[in-house]
Amino acid sequence: MIDFELPNELAKLRDRVESFIAARIIPYENDKRQTAHGASEDLRRELVGLSREAGLLSPHGPKEFDGLGLDHRGMAVVFEAAGWSTLGPLALNIQAPDEGNVNLLNVIATPEQKARWLAPLVRGEIRSVFSMTETVTDGAGSDPSLLQTIAQQVSDGFVINGRKWMITGVPEASINIVMARTIDAKGVDLGATMFLVDMDAPGFQVDRMLETIDSNSPGGHAEVSFDDVHVKPDRVLGEIGQGFRNAQVRLGPARLTHCMRWLGAARRCHAIAAEHAGRRHSFGRTLGEHQGVGFMLADNEIDLHLSRLTIWQAAWLLDRHEHARDETSMSKVFCSEALGRVVDRSLQILGSIGITRDTVVERIYRDIRPFRIYDGPSEVHRHALARRIVSRNTQQRQ
């Protein structure tokens with residue numbers, strides 16, 4: 001049974017995060033070290049240092065590596081609080097792709113791999129990359145079965161060749177988790193495998209930085225290539241040929257943590273719009289007293305409330321060690337669309353102020369739109385859900 005009452009310890013942690021974000025992180029939101037490709041590494045380290053001093057760094061990370069060790073329900077509460085600021089997730093070290101990679105490494109990495117990469121990642125000392133999506137003209141996008149990057153087995157490891165597209169956070173990252181089709185020495189396709197590739201590995205290069213609508217991820221997004229990149233056997237992450245299965249360890253929870261962070265950002269926009277609607281007058285009334293604006297505020301509250309409920313329910317399932325495949329997909333579709341509506345309405349309520357940088361709403365409006373595409377477009381999740389619905393109903397009739 002889901003208990004909606006927060007444990008006292010978690011409620012106190014949420015309050016600490018909210019106070020920390022308001023007092024220490026929001027003042028950095030106009031820092032000039034933010035670029036079209038995200039915050040600079042210098043700014044990231046400064047923000048991480050503040051969180052470390054406050055005892056709030058890496059709430060998702062395992063305690064053995066100095067994280068707070070929260071379960072998914074706890075993460076839902078704390079990530080929402082951190083999302084109130086555009087820099088909050090970065091400060092707490094819960095920004096994608098690092099947050100998802102922490103979970104992945106914690107579950108499937110060897111002890112040696114954890115010591116080398118997971119520990120500094122949780123401590124915020126390094127950043128990481130997850131390379132699965134491929135170019136728009138060919139290769140694996142929403143359909144991972146089209147994976148074209150190849151890891152050819154050789155006598156002393158593997159040689160990787162291929163191109164990847166829309167890879168987040170490459171500049172100044174330290175480690176790259178790469179998905180590739182694995183071919184053994186006899187030419188047999190063993191299936192997809194994940195590899196740990198150093199960012200300075202010979203043969204790896206950034207072909208170009210992509211100019212995108214969003215700027216919330218440090219390092220931006222890039223198109224990269226692998227030209228005879230050699231990796232040794234100890235760089236295999238998980239088992240050979242089990243890349244797609246192991247990726248589910250990361251992808252399902254990562255869909256949900258996106259929802260958690262964006263819920264906080266959308267709440268911020270709604271609060272700004274509600275405050276404006278309460279003091280701005282038009283035609284003898286405040287904006288909020290006009291039905292058109294009042295209904296938008298009401299719809300915002302509905303979307304925020306239902307988003308939180310679907311996040312908490314999916315988090316509850318994950319904490320029960322269920323796959324929650326349908327629930328995380330439904331949460332991702334609903335939240336990406338509902339929270340986008342909240343931000344859009346908030347900008348509309350603000351009028352001309354909303355399209356300026358006088359408030360953070362304009363920034364969040366740009367950043368949240370790709371949420372409907374990241375980690376699987378809404379249409380792909382609906383397609384997958386529909387297939388499973390039909391399959392279940394067919395099996396029940398037999």
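**Salt bridges and a surface patch**

Trainee: Which residue does Glu-125 form a salt bridge with?
Mentor: In this predicted model, Glu-125 pairs with Arg-123, and their closest N and O atoms are 2.9 Å apart.

Trainee: How many salt bridges does the structure hold?
Mentor: There are 28. One of them joins Arg-341 and Asp-303, at 3.1 Å from N to O.

Trainee: Where do Arg-341 and Asp-303 lie?
Mentor: Arg-341 is in helix α9 (residues 325–350) and Asp-303 is in helix α8, so this bridge ties together parts 38 residues apart in sequence. Asp-303 is buried, with a relative accessible area of 6%, while Arg-341 is partly exposed at 35%.

Trainee: Which residues are joined into a network by shared partners?
Mentor: Asp-31, Arg-33, Asp-42 and Glu-46 are linked into one network that way.

Trainee: Back to α8: how many residues does it have?
Mentor: Helix α8 has 29 residues, and its first and last C-alpha atoms are 42 Å apart, close to the 42 Å expected at 1.5 Å a residue. After the helix comes His-321, with a positive phi near 65 degrees.

Trainee: New topic! Which residues form the nonpolar patch on the surface?
Mentor: Phe-4, Ile-302, Leu-306 and Leu-309 do, with about 340 Å² of accessible area together. Ile-302 sits in helix α8 and is partly exposed, at 46%.

Terms used: Residues numbered from 1 in each chain as written. Predicted model: local features only at pLDDT ≥ 70, side-chain atom pairs only at ≥ 80, totals over all residues. Heavy atoms only, no water. Patch = residues over 30% accessible without salt bridge, like charges linked within 9 Å, V, L, I, M, F, W, Y side chains within 5 Å. Areas by Shrake-Rupley, 256 points an atom, 1.4 Å probe, with all protein chains shown as cover. Salt bridge = Lys/Arg side-chain N within 4 Å of Asp/Glu carboxyl O. Helix = DSSP H or I, 4+ residues; strand = E, 2+ residues; numbered from the N terminus. Buried < 20%, exposed > 50% of the residue type's maximum accessible area, 1.4 Å probe, protein only. Expected span 1.5 Å × (residues − 1).
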